[in-house]
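Hi everyone, thanks for coming.

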Amino acid sequence: MRYLSTRGQAAEPSFCDILLGGLAPDGGLYLPEETPRVTRAELDVWRQLSYADLAFAILSKFITDIPADDLKAICHKTYTADVYRYTRNGGAAAEITPLTKLEEGFYLQELSNGPTLAFKDMAMQLLGNLFEYVLAKRGEEINILGATSGDTGSAAEYAMRGKKGVKVFMLSPHGKMSAFQRAQMYSLQDANIFNIAVRGMFDDAQDIVKAVSNDAAFKAKYKIGAVNSINWARVAAQIVYYFKGYFAATANNDQQVAFCVPSGNFGNICAGHIARQMGLPIAKLVLATNENNVLDEFFRTGVYRPRKTAETFVTSSPSMDISKASNFERFVFDLVGRDAAVVRELWAKVDAGGAFDLNGTPYMDKLAGFAFVSGASSHADRLATIRDVWQKHGVMIDTHTADGVKVAREHRQAGVPMVVLETAQPAKFAETIEEALGRAPVVPEGLQGLEKLPQRVEVMNADLEAIKRYMVENLA
Ligand SMILES: *Cc1c(COP(=O)(O)O)cnc(C)c1O
């Protein structure tokens with residue numbers, strides 16, 4: 001399998017070539033040159049597989065430059081009941097992404113049972129093992145620099161801790177994350193993990209990462225890499241749980257299913273789109289946003305209008321507070337018939353700070369064929385939904401999952417099971433849980449008292465040169 005860029009560059013690298021990089025050199029995102037189709041016979045076999053074997057079956061269609069035995073071993077090392085052990089009620093960890101039934105035909109799919117209690121672990125744990133494997137093969141090293149407002153940084157650190165050939169420098173806004181999120185990251189004592197708390201906001205940290213990314217000489221000399229949400233391997237890994245969720249929610253492969261996905265950067269639901277293109281019987285992909293409704297607006301109106309940072313709301317589902325959806329270009333590439341010239345034209349407007357409108361173009365009619373619907377949720381909706389699900393079903397859900405449940409309820413269809421992707425656990429967002437329920441969230445067994453562990457973090461000013469110096473000193 002070769003990979004192409006959504007903006008049409010000539011070179012077609014293979015999976016391992018794009019694993020360690022970010023954007024394609026022409027500014028586009030990588031996608032497989034063609035989407036593999038799944039046969040009915042394959043679906044029948046896959047229905048019986050364990051998560052790790054299913055991951056291998058699916059990923060081997062996209063990854064053809066790692067020997068099959070090695071890829072299989074990586075999948076089995078990643079998707080274990082021990083890694084994804086923080087299940088609701090302490091059960092079913094062997095299923096990796098078990099369903100919680102709320103009522104007949106309405107389920108949560110638990111994607112947040114990994115070490116950092118958010119769905120980012122589903123892909124990031126695989127990425128950590130793939131990085132270690134490919135770096136060892138090539139005799140290379142990489143230094144990951146990132147900025148986080150909470151979930152991505154901890155998922156990356158737990159995936160890369162102790163890995164040979166990898167160091168992680170993670171910038172976080174000093175004093176802005178929840179106590180639980182801080183404890184998750186800063187309590188790591190692994191020698192290859194460096195936490196830098198930047199005096200400032202998330203955007204200040206993000207600006208430093210961007211400035212380093214634009215410094216080609218520094219980047220090359222110190223082998224700086226990224227693991228952000230545009231990474232293709234992360235999207236590929238996420239395809240697997242759509243198949244697993246489908247098999248768990250249906251009795252046979254003649255049935256259809258709908259998925260509802262709490263969305264921000266369009267990474268998670270992009271994997272659902274690809275699963276559907278592969279032939280998984282998905283009747284509907286329901287996209288849920290919070291008050292930052294740039295994607296809901298697109299699927300309702302055909303207008304994609306990224307917001308300015310100043311127009312982005314700070315909400316109680318903070319991992320969905322995005323102004324621009326960094327994976328959305330992958331979907332639009334398929335929508336416009338994989339015509340890179342059209343994508344270049346549309347993103348010329350977006351990259352210049354503008355918007356695009358598909359009304360009056362042939363793509364508006366095509367949009368219906370991709371089975372997306374959408375909706376938005378507010379802080380009041382989140383509180384009401386958390387309360388309602390707790391009172392009716394005795395199940396505690398986090399704020400992002402609540403956005404999903406709220407929107408999913410607006411799009412239910414008789415005879416089609418609805419699966420809401422549970423993207424985080426309530427323990428991460430204690431403040432809003434207390435506001436909704438008047439009690440503290442459930443903290444999984446084994447993570448109680450995390451806040452009391454010793455922490456290892458360097459507090460620094462948002463000073464590019466000082467942070468570069470700190471990195472260079474610790475790379476020696
Ligand atoms: C990252 C994240 C999301 C948004 O996922 P995207 O892939 O960016 O659309 C939703 N919920 C939680 C808890 C997250 O961490």
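Leaving aside neighbours within four places in sequence, which residues is D321 in contact with? They are N290, N292, T312, F313, V314 and T315, where contact means heavy atoms within 4.5 Å.

Before I go on, a word on what we're looking at. This is a predicted model, where local features need pLDDT of at least 70 and side-chain atom pairs count only at pLDDT 80 or more, while totals for chains, interfaces and linings use all residues. Residues are numbered from 1 along each chain as its sequence is written, and side-chain values use heavy atoms, with hydrogens and water left out.

Okay, back to D321. You'll find D321 in the loop between β11 (303-304) and α13; helices (H or I, at least four residues) and strands (E, at least two) are DSSP runs, numbered from the N terminus. D321 is buried but has no salt bridge. Buried is under 20% relative accessible area, exposed is over 50%, and partly exposed is in between, with a 1.4 Å probe and protein chains only. A salt bridge needs a side-chain nitrogen of Lys or Arg within 4 Å of a carboxyl oxygen of Asp or Glu. For D321, the nearest side chain of opposite charge is R382, 6.6 Å away; Lys and Arg count as positive, Asp and Glu as negative, and His and the chain ends are not counted.

What D321 does have is polar contacts: its side chain joins that of N292 at 3.0 Å and that of T315 at 2.7 Å. A polar contact is a pair of N or O atoms within 3.5 Å; within protein, one must be able to donate a hydrogen and the other to accept it, and residues adjacent in sequence count only if both atoms are side-chain atoms.

Next, L335, in helix α13 (residues 328-335). L335 is buried, at 1% relative accessible area. Leaving aside neighbours within four places in sequence, its contacts are F298, L358, Y363, K366, L367 and F370.

Two of those, F298 and F370, belong to one aromatic cluster with F266, F299, Y304, F328, F331, W347, F356 and F372. Rings of Phe, Tyr and Trp (its six-membered ring) pair if their centres lie within 6.5 Å; planes under 30 degrees apart are stacked, over 60 edge-to-face, the rest tilted. The count comes to 30 aromatic pairs. F299 and F372 are a stacked one, 4.6 Å centre to centre with 15° between the planes. That pair links distant parts of the chain, helix α12 (residues 294-301) and strand β13 (residues 372-376), with the two residues 73 apart. F299 is buried at 12%, and F372 is buried at 10%.

That's my tour, thanks!
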